Amino acid sequence: MSSVRGFKPGLLLALALAAVPAWAETRSLSQDWLFHAGDAAGAEKPGFDDRGWRPVVVPHDWSILDKADGSSPFDPNTPSGQDSGYLPGGIGWYRRHLTLSPAEADRVVRLNFEAVYMDADIWLNGEHLTRHRYGYTAFALDVTGKVRAGDNVIVVRAHHADPSSRWYAGSGLIRPASVEILDRVHLDPDSIFVTTPEATEERGVVSAQATVANRSNAAQNLELVTRVVSARGETVAEARRTQTLAPGARSEAVQKLELARPRLWSPGSPNLYTLVQEVRVGGAVVDERRTRFGLRTVTLDARNGLRINGKPVKLRGGNIHHDNYMIGAAGAPDADARKVALMKAAGYNAIRNAHNPASQATLDAADELGMLVINEAFDSWNKTKRPQDYARFFADNWARDIDSLVISGRNHPSVLFWSIGNEIPEDGTPQGMETGRKLVDRVRRLDSTRPVTQGMNADPPRSSNQAALLDVGGFNYHAHDFDAEHAKFPERILYTSESLPKDAFSYWQYVETKPWVIGDFVWTAVDYIGESGIGWMGYSQDWQKLGPYPWNLAYSGEIDATGRKRPAAYYREILWKTGIDPIAVFVRQPAGTEDLPDRHFFPITPPHLDWSLDDVHPSWTWPGQENKPLEVNVYSEFPEVELFLNGKSLGRRTVGVESEYKAVFKVPYAPGNLTAIGYRDGREAGRWTLRTAGPPAQAHVAIDRARMTANGEDLAYLTVELEDADGTPIYARDKDRQVRVHVRGAGTLAGIGNGNPMDVSSFQTGARKTFHGRAVAVIRAGTTAGPIILDVEVEGLPARQVRLDAIAGTVR
């Protein structure tokens, strides 16, 4: 339910709504920025000479930019090291000109920044406006009376002091920026709050809260008209209110609207409506705001678990960080939406946005696709985890950052819980409980309709003490404490806010068998930069060291950094009984060989948390292993599976809870076809085949969209995958090839990657070697309509060419 002006439909949902008139305008500030890496004395002054600065598009992350000499940005000596994936922070400056007409400059004007990482100073026309410390919260600056007709200069300085984070944070204007130009009589953008106190199949009640401000010099007789508009553009409810508002006054209004037989929002049916609020003066509309929302109810109790609209829901969850790999931490809306779509397609129905507020694009996509979101505030409070992290700003800034979290997210039906923190060192102590209580109270003052939670990893009784403050307790890696916690506090609702991929079955059994355990969130759903190698060699015994350079990805994602599902994702689909891929086959890495080095880099004595994924692969191409027994793992929703090699049955196995939905075979390797068939009621119900691949013969090239809007912001993803002459995917590492992507015409290359956790080559040159036969490039539309030609060169293979088009207007 994002509150937007000039609403642009999202990834899948196109609402037939009229455009916002010129008197209430939001302009994207994505284009025409100039950037300088490093400090720049006097750069805040309007007349500063910035002719040598680099043009960039916002959202922007300077940490992934190639160095001045053209070399890769990765640096083994960067202060944040393993945490950031060996990518640097530092200081960066941005400058942009904004032209306003005299009429526009006389209106109410707001500058909106969705996130600047971090410790940002903002100037307008040489005047310092604010210093915003936290790198993940949205903030708006009222510059009414400070802007002028003609040229205005916006300047941003961000200071990313290292080390500031336990994962890759990126640097700079990492989320969208915009300017709003409003009438003097208008709705306060931050006051809009839509709730649905009643939502059944027969009747819905919508409560619409808003504040009207009169910043003119005269009293105004005004009317507030509020309508609920369906996805088909039909008005299904309306309310009106008239009043006289004195100059300089503000008035809060709460309007109730009733709907007959509403279409409810849920993960399975994400139906959306739009609240249209108009302020009219003398019969003329002077302001309008459109807020997308969904009608749904959420209930929680220890006997029935989580219910949405009265129906039980188990949280099939995954944690994500905010970076978008080949474009770094730049939160381009299409990139953030793609991550949500990848999770939905893999069977997830819930996201824990770790460990910071989600972007509006993430929440918009979750609204549209039916994904539930735990929207999290902080990774630290009073005590630091890294010397330069948010804890140094927490005491003076937590209240405004909580306000930003809640106000920016509370109209989204996808937001299920507010999370006040993750693995806070002071959890369960007097200081931690006092702080937690303040945070919870602040959240509830702004939104009393949603439960408050927290991700905790302290041992009892500290975890129990902290959980007493919350509506729902999130346990990180502590499912073994569930039964004891329930015995002491039988009404307490729990879930695993973080879990290990290898423990998927045991964690999910808690959810399946105990109604007071409502879900499981794996670490992680999608791979990310930083925490280098945590999913391969993991932490050292003393918890101080992770993967050495050149390791830069966590490699713990069940979906890899390019968007490809890894074997663990297929297993989770089957464990959850999604029906997406009800049977799948993978082969364990043969003894004496390795897919990547450093698997046992650190000597470990159990017990020790292990984030690694099972070392199995979607390949039946193992030269040198002829006649040697290989372990074949069949994952299946079907109760019986049979394995065939080159048409010969290798036996049938029963599959179910007792076998953890797996059947394991020892198969002497011989090239050919390895096929698993799943049976239900004695009949074939599904199959999966792995084929031995020949040498690379061609590149399969696919683009995820044929058209983009020529707005300088839209993205398209180009996937390049190696195949043999028969179309069998190439997976063997020794067959990987160098790929180069050239972009011509009405677009540019935004980045390229391959998912290899040890590849430290540039994201920006257009060249990368495939990893397990795959590379993905990101293309950004320009601002001029026209064809975009992608020339794809693959070492030793025929060249390919793909065309897409950037068009004027909005692509739906």
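Which side chain meets that of R203 in a salt bridge? The partner of R203 is E258, with N and O 2.8 Å apart. A salt bridge here places a side-chain nitrogen of Lys or Arg within 4 Å of a carboxyl oxygen of Asp or Glu. The two residues sit in distant parts of the chain, 55 residues apart: R203 in strand β14 (residues 203-214) and E258 in strand β17 (residues 250-260). Helices (H or I, at least four residues) and strands (E, at least two) are DSSP runs, numbered from the N terminus. R203 is partly exposed, at 30% relative accessible area. Buried means under 20% relative accessible area, exposed means over 50%, and partly exposed lies in between (1.4 Å probe, protein chains only).

The model is predicted: local features need pLDDT of at least 70, side-chain atom pairs count only at pLDDT 80 or more, and totals for chains, interfaces and linings use all residues. Residues are numbered from 1 along each chain as its sequence is written, and side-chain values use heavy atoms, with hydrogens and water left out.

The structure holds 58 salt bridges. One of them joins the side chains of R131 and D121, at 3.6 Å from N to O. R131 belongs to strand β8 (residues 127-132) and D121 to strand β7 (residues 120-124), so this pair ties together parts ten residues apart in sequence. R131 is partly exposed, with a relative accessible area of 36%. D121 is buried, at 9%.

A further salt bridge links R744 and D791, whose closest N and O atoms are 2.7 Å apart. R744 lies in strand β42 (residues 738-745) and D791 in strand β46 (residues 786-794), so parts 47 residues apart in sequence are tied together. R744 is partly exposed, with a relative accessible area of 42%. D791 counts as buried, at 16%.

Four strands form an open, antiparallel sheet in the order β39-β41-β45-β43. Strands count as paired if DSSP finds at least two bridges between them. β39 (698-703) and β43 (747-753) stand at the edges with a single partner strand each, so one side of each has no neighbour in the sheet. Neighbouring strands are turned by 25 degrees against each other on average, direction ignored. These angles use axes fitted to C-alpha atoms, for helices over the stretch in contact, and run from 0 to 180 degrees between N-to-C directions. Strands β41 (residues 715-723) and β45 (residues 774-781) pair over seven bridges. A716 has I779 of β45 as its bridge partner.

The expected span is 1.5 Å times one less than the number of residues. α4 bends by about 80 degrees at N397. The bend is the angle between axes fitted to the seven residues ending at a residue and the seven starting there. Buried residues of α4 include F393, F394, N397 and W398. Their cover includes β8, α3 (360-369), β25 (372-376), β26 (415-422) and α5 (430-446). Contact means heavy atoms within 4.5 Å.

Helix α2 (residues 333-345) has 13 residues and reaches 18 Å, close to the 18 Å expected. Its buried residues, among them A335, V340 and M343, pack against β23 (315-320), β24 (350-353), α3 and β41. Just after α2, G347 takes a positive phi of about 100 degrees.
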